[in-house]
Each structure stands twice: as C-alpha cells, then as structure tokens.
Amino acid sequence: MKLRFVDLFAGLGGFHIGISQLGHECVFASELNPTLATLYEKNFSFDRVEGDIRKVDEMNIPAHDLLCAGFPCQPFSKAGGQLGLLDVDRGNLFYDIIRIIKQHNPKYIILENVANLLTHDNGNTWRIIKASLMALDYEVDHKILSPHQFGIPQIRQRMFIVASREGLNHFVWPEKGIYPNMSIRDALEDYPFNARCIPLREKSVLDIWQRFLNAIPEQDNLPSFPIWATEFGATYPYENQVPEKLTRAQLSQYKGAFGESLDGLSKLSQLKEIPTYAHGKELFPRWKQLFIKQNREFFQRYQNELWPVMEELKNQPFSWQKFEWNCKGERRRITDFIIQFRPSGIRVKRPVFSPALVAFTKTQIPIIGWEYRYMTKREGANLQSLGDIELPELETPAFKALGNAVNARIVQLIAERLIGTAPQATVLNHNQEAMEVLA
C-alpha cells in the first residue's frame with residue numbers, strides 16, 4: 001500500500017529520497033534554511049516547503065502514515081554545547097515533533113540524530129525521548145548505524161529511532177555487511193574539472209610533515225598516538241602540577257613549546273610559550289598526560305633527526321603543529337591517502353572510508369591526496385547516497401548541508417523493513433552493491 005509521509009527538518013532530502021524510492025508519497029516538508037527549502041522544491045518537484053516548524057500549526061499539516069525527522073543534532077553532538085533538550089533554539093524542537101504526533105497519530109516514526117544522543121546527559125536525554133514516544137502508545141527501538149556497514153565508504157555513526165503504533169514484531173534492523181574491498185574511490189571522480197586544488201600554504205605544511213616521516217628510520221614504527229610537535233623540547237610540569245599554578249620563579253627553570261626557555265619572562269609571557277592545551281588550573285586528565293609523555297619520549301629518541309623539522313613547524317598555525325598518521329604499515333607518503341585539516345590537527349587516513357561528513361568549514365573538507373585536491377560537493381552527495389540532486393552553489397554551504405544530511409540508503413533500508421514497499425515501486429535488492437544507489 002502506498003503510504004503518505006512527512007519530512008521534518010528536511011535539509012537536502014535524504015528521507016525523501018530513501019522513502020520515495022519505496023514508492024511512498026511525501027505530503028509535507030519543513031526546512032528552516034530558505035536555500036535548502038528552495039532546492040528541495042526544485043529537486044523533488046514539491047509545491048511548497050514550510051519554514052520554521054515552530055510556526056507551523058499542526059492542524060495545517062496533512063494526515064500522514066509516517067513521520068520522519070532528522071531533528072537538529074548540535075545540542076547533542078560532542079562538537080556542540082551539549083545542552084540537549086535544554087537548548088531553547090534547537091534542542092527542544094523534539095517537542096514540536098511530539099506536538100505533531102499528538103495531532104496526527106501516524107502509524108510509524110523514523111528519527112535520526114548523532115550517536116552521542118544515546119549517552120547524552122548520562123542517558124537521560126534518550127530516556128526522555130523514548131518515554132515521550134511510549135506515552136503516545138508507540139513501541140520504540142533504536143540502533144546506531146553507519147554507511148560503511150552497508151557498502152558505502154563513509155564512517156558516520158548515527159542513531160536511528162523507529163516507532164510503531166502496531167508494535168515492532170514485524171521489524172528487523174537491516175543486516176550489516178562486511179566489505180573487504182571497500183574503497184572511497186568508488187564515490188570519487190577522476191580529476192573532476194571543478195575540484196579545488198590544495199593551496200600552496202597547506203601543501204607547504206604537508207611537505208614539512210612528509211620530511212618528518214622521512215626522518216624516522218624505515219625500520220622503526222611510526223607513532224600510533226597523535227604527534228604534538230609543541231612538546232618537542234618542552235619540559236614544563238604536567239603530571240603532578242600544572243603551569244598556571246606555579247609562580248613565575250618556579251616556571252623560569254622550565255622550557256615551553258618547542259623548547260623555548262621560560263627564564264626571564266613575565267608570568268603572562270611564560271604562559272604564552274606553553275601550548276594552549278596545557279592551560280588551566282586543574283590537573284590534566286590521564287589521557288593528556290600520556291600524550292605529552294609519549295611525545296616527549298619520542299622526541300628524545302629522534303631529536304637529531306627531527307630538529308630541522310621542528311624548526312619549520314614553529315611558524316605554522318597551532319592546529320597544523322599536530323599530526324595523526326592512521327596508516328600504520330603503509331608506504332610513508334602522505335599524498336597516497338585521504339588528508340583532513342582539523343582543529344585537532346592534520347589527519348592522514350587510508351583511502352578506504354571517507355571521514356564522517358560533518359558540517360565542514362571550507363578548510364576541513366577532505367583532501368584527495370593523490371590528486372592534490374579537495375573532495376567535491378558532488379562526491380559528498382555520493383557518500384550520502386543522495387544521487388544527482390542539485391546542491392547549494394557555494395562549496396561551504398553545500399558541505400554544511402551534506403554534513404547535516406541523513407544517508408538516503410540507510411533510510412531506505414530501515415523504511416523498507418518498517419513500512420514495506422508500495423506496489424510497482426522499483427527498489428534495489430539488498431544484495432546489490434550499495435553504491436549502485438548513488439548512480
């Protein structure tokens with residue numbers, strides 16, 4: 001039977017794509033961003049997308065069998081303020097979902113959010129959400145899923161929530177697969193004409209880190225812990241004391257980042273020579289103490305080889321002075337891999353999975369190392385199983401939208417098991433390669 005569904009916080013339309021592929025009909029959509037709302041109307045020949053759901057009268061929403069919502073994740077994300085349901089701008093939008101459910105009593109519900117929703121506020125947020133749905137006579141279940149478990153080369157853990165008024169005895173979560181030959185190249189184009197090349201400044205710092213790799217003897221293993229070059233030559237206390245609790249005279253006997261002497265400096269100037277992650281009045285957590293210890297020991301072992309590289313790294317931005325090599329056992333050539341400039345440092349990963357598409361800033365878009373370019377927004381759409389839809393024209397808003405999108409393939413797999421396929425709908429068989437959906 002052909003069902004009617006609504007798409008709240010619609011974004012680029014991942015729910016629309018996944019469920020309409022099963023032959024069901026979208027009868028209402030809302031999206032606060034006017035650019036995305038306009039694109040939604042264009043991509044899906046949709047008459048009108050409503051704006052702020054808080055201003056929509058639930059009485060004016062058409063009757064529907066299924067409610068879908070990828071409600072805002074920032075209040076629950078580890079990268080956000082984690083105010084959760086107390087976030088007056090975004091976190092309590094869940095209660096607008098409840099408001100609509102109370103009015104229309106849809107048979108089924110599918111919600112999506114970040115994996116951190118499950119443990120946010122020691123699990124209290126999820127308990128409230130689940131209890132709110134159960135109080136409306138729904139049976140509720142949840143699962144954390146990622147595209148890479150279904151043949152799509154992106155690791156992106158997301159929490160999916162299903163609810164049904166008719167119970168969930170008929171429902172089974174889609175089966176995860178193992179794809180030993182998975183490669184991000186399946187979602188990439190070869191030297192696309194519109195790709196943005198790596199700027200000279202970024203290329204220059206990658207060259208420095210390549211010299212770092214070359215400096216370590218081939219027979220020795222590269223560190224598996226993050227490299228914090230600021231610890232090379234540093235001696236400030238970090239285990240039983242913290243620099244901010246010491247006097248100027250006490251700090252004068254130590255060295256700060258890159259071995260800079262703290263002697264003869266004012267207390268304020270001394271603290272400026274100490275890495276920002278070592279500021280604060282509380283003792284450092286054990287993981288941070290371990291990273292500092294590992295980096296100092298590593299530098300002591302290879303200081304003769306690393307000193308020239310350290311001198312070059314001194315003049316780089318702070319986040320570029322940190323480096324993660326996640327390619328153990330591979331050939332030590334950075335441009336063979338996927339690279340990402342993150343606030344936590346430069347990360348190099350094997351070209352198996354894409355980094356999770358988050359609401360990237362322009363500088364955080366993954367770099368395709370062997371082509372010396374950034375990922376294109378079309379390739380990002382491939383990784384979200386969105387097909388050939390039109391995207392925001394500019395790169396930054398396009399990747400922000402992609403980072404907030406729900407993966408259409410996972411939606412399709414869940415919805416097919418929850419609500420079934422409408423007659424005469426054409427759906428890919430589960431055993432086909434999941435990447436075929438991207439065509």
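At what angle do the axes of helix α5 (residues 200-215) and helix α8 (residues 286-313) cross, and within what distance do they come? The legends below take up this question and three further views of the predicted model.

**View 1. Helix α5 packs against helix α8.** The axes of α5 (residues 200-215) and α8 (residues 286-313) come within 10 Å and cross at roughly 155 degrees. Because angles over 145 degrees count as roughly antiparallel, α5 is described as roughly antiparallel to α8. The crossing in which α5 passes α8 is right-handed. On the α5 side the contact is made by I208, W209, R211, F212 and A215, and on the α8 side by F298, E305, L306, V309, E312 and L313. Sorted by class, this contact of α5 with α8 comprises 8 nonpolar and 3 charged residues, with no polar ones.

**View 2. Helix α3 packs against helix α4.** The axes of α3 (residues 94-104) and α4 (residues 124-134) lie 11 Å apart, and the two helices pack at an angle of about 10 degrees, which makes α3 roughly parallel to α4. From α3, the residues F94, Y95, I98 and I101 meet I128, I129, S132 and L133 of α4. By class, the contact of α3 with α4 holds 7 nonpolar residues and 1 polar residue, and no charged residues.

**View 3. An open sheet is formed by 6 strands.** The strands follow the order β2-β1-β3-β4-β6-β5, and their pairing is mixed. At the edges stand β2 (25-29) and β5 (139-145), each of which has a single partner strand, so one side of each is left without a neighbour in the sheet. On average, neighbouring strands of this sheet are turned by 20 degrees against each other, direction ignored. Within the sheet, strand β3 (residues 66-69) and strand β4 (residues 108-114) run parallel and are joined by 4 bridges. In this pairing, L66 has Y108 in β4 as its bridge partner.

**View 4. A257 lies in the loop between α6 and α7.** A257 has a relative accessible area of 12%, and because buried means under 20%, A257 is classed as buried. Leaving aside residues up to four places away in sequence, A257 touches T230, E273 and P275. The C-alpha atom of A257 is separated by 57 Å from that of L168, a residue 89 residues apart from A257 along the chain.

Methods: Residues numbered from 1 in each chain as written. Predicted model: local features only at pLDDT ≥ 70, side-chain atom pairs only at ≥ 80, totals over all residues. Heavy atoms only, no water. Buried < 20%, exposed > 50% of the residue type's maximum accessible area, 1.4 Å probe, protein only. Contact = heavy atoms within 4.5 Å. Pairing = 2+ DSSP bridges. Axes fitted to C-alpha atoms, helices over the stretch in contact; angles between N-to-C directions. Parallel < 35°, antiparallel > 145°, perpendicular 65-115°, else oblique. Left-handed = near helix turned anticlockwise from the far one by under 90°. Nonpolar A, V, L, I, M, F, W, Y, C, P; charged D, E, K, R; others polar.
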